[in-house]
Amino acid sequence: MSALTLTLTACPAESVDMSPLVPDRLRGLRTADVGALRLRCGNRTLRVREIFRVASGEAGRLRVLRSTARLDAVGAGLQAGVIEVHGPVGAQLGRKMAGGSIRVDGDAGVGAGCGMSGGSITITGRAGDFVGAALPGEAAGMTAGTIYIRGDAGDRVGDRQQRGLIVIEGDVGDYCGSRMLAGTIIVLGAAGRYVGAGMRRGTIILRHRPRLIGATFNSCGGLKMEILRLLFRQLPRAHRRLASLKAMKPLAERFAGDLAVGGHGELLVLQDPD
Amino acid sequence: MRINGVQIDDTFAEAFSMKATRLVITAIDLYWAYRAANSFTGFASSVIDCGCEAAIERELKPAETPDGRPGIAVIIFAMSTKQLSEQVRKRVGQSVMTTATSACFSGLESQSRIPLGRSLRFFGDGYQMSKNVNGIRYWRIPVMHGEFLCEETTGVVPAIGGGNFLVMAKTSRHGLAACRAAVRAISRIHGAGTTFPGGIVGSGSKIGSRYSFMTASTNHRFCPTIKGLVSDTELTGEIGSVLEIVVDGIDERAVRRAMRDGIRAACAFGPRKGIYRISAGQYGGKLGPYHFHLHELLK
């Protein structure tokens, strides 16, 4: 059976809070009930049917068609189930989700996966700033789960990330992994300035050496890192999209840091075997 | 019952409950994985005085190990989860971690778990790091060869120790030839291990002794040099050597299959090659709840 499908019929004038529309909360509702649900849109509320055409489908699967960047908080608080979005989404995709999976065939706005504690997010386009980061006012970012971005990502990827995995196939902006508490970030494109600034623990794996590595990171030299061998072997087993990691060699220059805050984190800059 | 002319006694092997875990030891190549595995399973023949029983289960191809390097699967058995935990900590710490390029992973899924890297991480003296990969936590302990990678915990399962059979032969040379074939057959059984040197026991024991400070003593009824002296000897005149194969397994099925295949391999030698009888060690129900009846196994 196909997924419960919401097709955008009218572009909202302002951002819409999509957080009520997650599969686990829609379970048991009839199509008419879903259409009658209220969504926040700017300083007013509107009903789902005012902007979406609702087609019934399997409980536990939600598909959003003709999406726009004005749809915020898609999949926020998701516990279980699958969400597929065709088109861009706005801010805070999968905010505080605890399980299930979200796939966006398009770009995502700021704060994708912020505060998430489980599940997986796949973004085939680009993502904005603060991927997997802490929500404003909160002490820690994502605590578990996986975020995969095929395109580029903005600044502050994994800011205050506590655990979990973020993989970015494209480039990242400045302050990648800033104030990181733990977890793993893999950047296969280029990284901007101040990578790992203020990171306490955690691992940032960089396919290419950044132009500038902070003075508070000390090189431990070029090494064969067994943890990389394990990661490159195990991650593709759980995440099909990470198959490209299988071909990578466990050679890296290791930078310990940020020494300004203890130095228990690390940047691993991959090296080509010579 | 006879197989290939070898008499099979109508008796049973008496086995007892244990706890077990399987570990996967990897290294830069198989040579170094074997060094670690041999050291880990050293002095681990019997719980009587070793604290545990351990054996190499099999070689693992790189495709079968978590880090894609050649490896060895070892199984270790102890009388309780606490003892197993203690032995695993000591043996991985002193035998595996000290082997250059080694890494150690859990090889058994179970709800019940004991610490592996969780207790060894303190060797890192504050420089250790953990990494969660696909929901499994690994510890990275900085050591002089690089990093010792170790899974945080390993699964524990109820297991069986003391499955056994006795091979009665004309001489030790005849008995060893048959027993080595039996051990080779048993090594192909997943989940079973022979923990004594070469998989063969040359000095099988009975429970108790005439000396109060001894918990076990020589199984006098199967000692050929005193068969004329011992009133309850089990040996007939032509038997000059008795060798025992003890099988531990992670479940009853593994022990059963290992005993069956081992006995059949030994019997293949037959009386013409000096193998006369197969029996088993049973202690009147005093040792344990598992009884493996030979005739039933070999039906």
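User: Let's take a residue as buried if 20 or more other C-beta atoms lie within 10 Å of its own, as exposed if 12 or fewer do, and as partly exposed in between, with C-beta atoms placed from the backbone. What percentage of the 299 residues in chain B is buried?

Analyst: Happy to start there. This is a predicted model, in which local features need pLDDT of at least 70 and side-chain atom pairs count only at pLDDT 80 or more, while totals for chains, interfaces and linings use all residues. Residues are numbered from 1 along each chain as its sequence is written, and chains are lettered from A and ligands numbered from 1 in the order in which they are written. Of the 299 residues in chain B, the buried share is 46%.

User: What is the radius of gyration of chain B?

Analyst: The radius is taken over C-alpha atoms, and the globule rule is 2.2 Å times the number of residues to the power 0.38. Six helices and 18 strands make up the secondary structure counted in chain B; helices (H or I, at least four residues) and strands (E, at least two) are DSSP runs numbered from the N terminus. The rule gives 19 Å for 299 residues and the value for chain B is close to it, so chain B is as compact as a globular protein of that length, with a radius of gyration of 21 Å.

User: Which residue of E5(B) is the bridge partner of Ala54(B)?

Analyst: Strand E4 (residues 53-60) of chain B is mostly covered, with six of its eight residues buried. Two strands pair if DSSP finds at least two bridges between them, and here seven bridges join E4(B) to strand E5 (residues 71-78) in an antiparallel run. The partner of Ala54(B) in E5(B) is Ile76(B).

User: How far apart are the C-alpha centres of the two domains of chain B?

Analyst: Domain bounds come from an automatic or database domain assignment, which divides chain B into domain 1 (2-14 + 160-297) and domain 2 (19-157). Eleven residues of domain 1 of chain B are in contact with twelve of domain 2, where contact requires C-beta atoms, placed from the backbone, within 7 Å. The separation of the two centres is 30 Å.

User: Turning to chain A, how many residues of domain 2 are in contact with domain 1?

Analyst: The assignment for chain A gives domain 1 (1-60) and domain 2 (67-270), with C-alpha centres 30 Å apart. The side of domain 1 of chain A has 14 residues in contact, and the number on the side of domain 2 of chain A is 18.

User: Which elements give two or more residues to the side of domain 1 of chain A that touches domain 2 of chain A?

Analyst: By residue class, this side of domain 1 of chain A has eight nonpolar, three polar and three charged residues. Ala, Val, Leu, Ile, Met, Phe, Trp, Tyr, Cys and Pro count as nonpolar, Asp, Glu, Lys and Arg as charged, and the others, Gly among them, as polar. The elements are strand E1 (3-8), strand E2 (16-17) and helix H1 (23-26) of chain A.

User: In E7(A), which residue is the bridge partner of Asp17(A)?

Analyst: Four strands of chain A form an open, mixed sheet in the order E4-E3-E2-E7, and strand E4 (44-47) and strand E7 (71-72) are its edges. E2(A) and E7(A) pair in the parallel sense over two bridges. The partner of Asp17(A) in E7(A) is Asp72(A).

User: Which strand gives the most to the side of chain B that touches chain A?

Analyst: Between the chains, 14 residues of chain B are in contact with 16 residues of chain A. Strand E9 (136-143) and strand E10 (146-151) are among the elements of chain B that give two or more residues. With four residues, the strand that gives the most is E8(B).

How values were computed. Two residues are in contact if their C-beta atoms, placed from the backbone, lie within 7 Å.
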